[in-house]
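Reader: I would like to know what the labels on this model rest on. Please set each value against its definition.

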Amino acid sequence: MTAPLRIATRKSALALWQAEHVATLLRQAHPGLVVELVPLSTRGDEILDRSLATIGGKGLFLKELEVAMLEDRADIAVHSLKDVPAELDEGFVLSAILPRADAADAFISNQYKNIADLPNGARVGTSSLRRQAQLRALRPDLQLLDLRGNVNTRLAKLDEGHYEAIILACAGVDRLGLSHRITLRLASPDWLPAPGQGAIAVESRAADARVSTLLAVLTDSETLLAVSAERAMNEQLGGSCAVAIGAWCVVAEHGLTLHGMVGNAATGDLLVAQADFAADKPVELGHEVAAMLIAQGAAEFLKPQR
């Protein structure tokens, strides 16, 4: 009998949805395969009174899941790709990238239709420096306040009156069946998402050939091209949650188009760049757009902003 495939996952509703989604796809692709979830708590989930940038970054959402794989308590881990650092720890690989969902950010408010309608000095909740930089560029008068916790916790804080609006990822809201809460989708290229936003990634041990083979069928080739360009740009810029970086790659018949942004969350200053490349060169495209941003002076923006 084939050994069960064990999925390490965070315990939030969204993380469990994503893990169950991967489990369902694996069972469909490999009839007879037994797939089990291994829910774990991570430091990123437990420390909610400080921004991610001050406690170690988004990698805190991965560490405990990777330890579970190293200790053979799990075989794979499921992540939102936007939370996966540009460079993985040695011994780990991303063995599958699923078809991308809506990569846009969601403007959510119980009173106002869009960012322009917010009153002077309105409180907007988001801990993302990328979102803060783009908000500041549009509305320097807004109060930008930290917002941590899972999707339902963040929505509850809005409903309790702590904010006039909050910004979340559309994909997470949609996956939880809460699309009706989205007031406005902030669409690219006017508003850029995080590199890889909207895509689900499956991480495994690099040496585990059986698992890599099982996962390979889940990868969506078009999504892989797009996020490879975005993550290559992010890696070249030294991206982390301590700097404001946005990226959006479009896959078309002529090839790939990548939009990139580096911002300053304190001032709202934004640097933007765009380039086109052949579809078989996503990494080169990412490096090209990163070089264009650096040529504009991105180095100053890329110093940790917290």
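Author: The questions below concern a helix pair and a sheet.

This is a predicted model, where local features need pLDDT of at least 70, side-chain atom pairs count only at pLDDT 80 or more, and totals for chains, interfaces and linings use all residues. Residues are numbered from 1 along each chain as its sequence is written, and side-chain values use heavy atoms, leaving out hydrogens and water.

Reader: Why are H9 and H10 called oblique to each other?

Author: Helix H9 (residues 221-236) and helix H10 (residues 282-295) pack at about 40°, with axes 7 Å apart. Angles under 35 degrees count as roughly parallel, over 145 as roughly antiparallel, 65 to 115 as roughly perpendicular and the rest as oblique. H9 and H10 are therefore oblique.

Reader: What makes up the contact of H9 with H10, by class?

Author: Contact means heavy atoms within 4.5 Å. The residues include Leu-225 and Met-233 of H9 and Val-289 and Leu-293 of H10. The contact has 10 nonpolar, four polar and no charged residues. Ala, Val, Leu, Ile, Met, Phe, Trp, Tyr, Cys and Pro count as nonpolar, Asp, Glu, Lys and Arg as charged, and the others, Gly among them, as polar.

Reader: How do you know that E12 and E13 pair?

Author: Two strands pair if DSSP finds at least two bridges between them. Strand E12 (residues 255-263) and E13 have eight bridges, in the antiparallel sense, so they meet the definition of a pair.

Reader: What makes E11 and E13 edge strands?

Author: The open sheet has the order E11-E12-E13, and strands E11 (244-252) and E13 (270-277) each pair on one side only.

Methods. Axes fitted to C-alpha atoms, helices over the stretch in contact; angles between N-to-C directions. Helix = DSSP H or I, 4+ residues; strand = E, 2+ residues; numbered from the N terminus.
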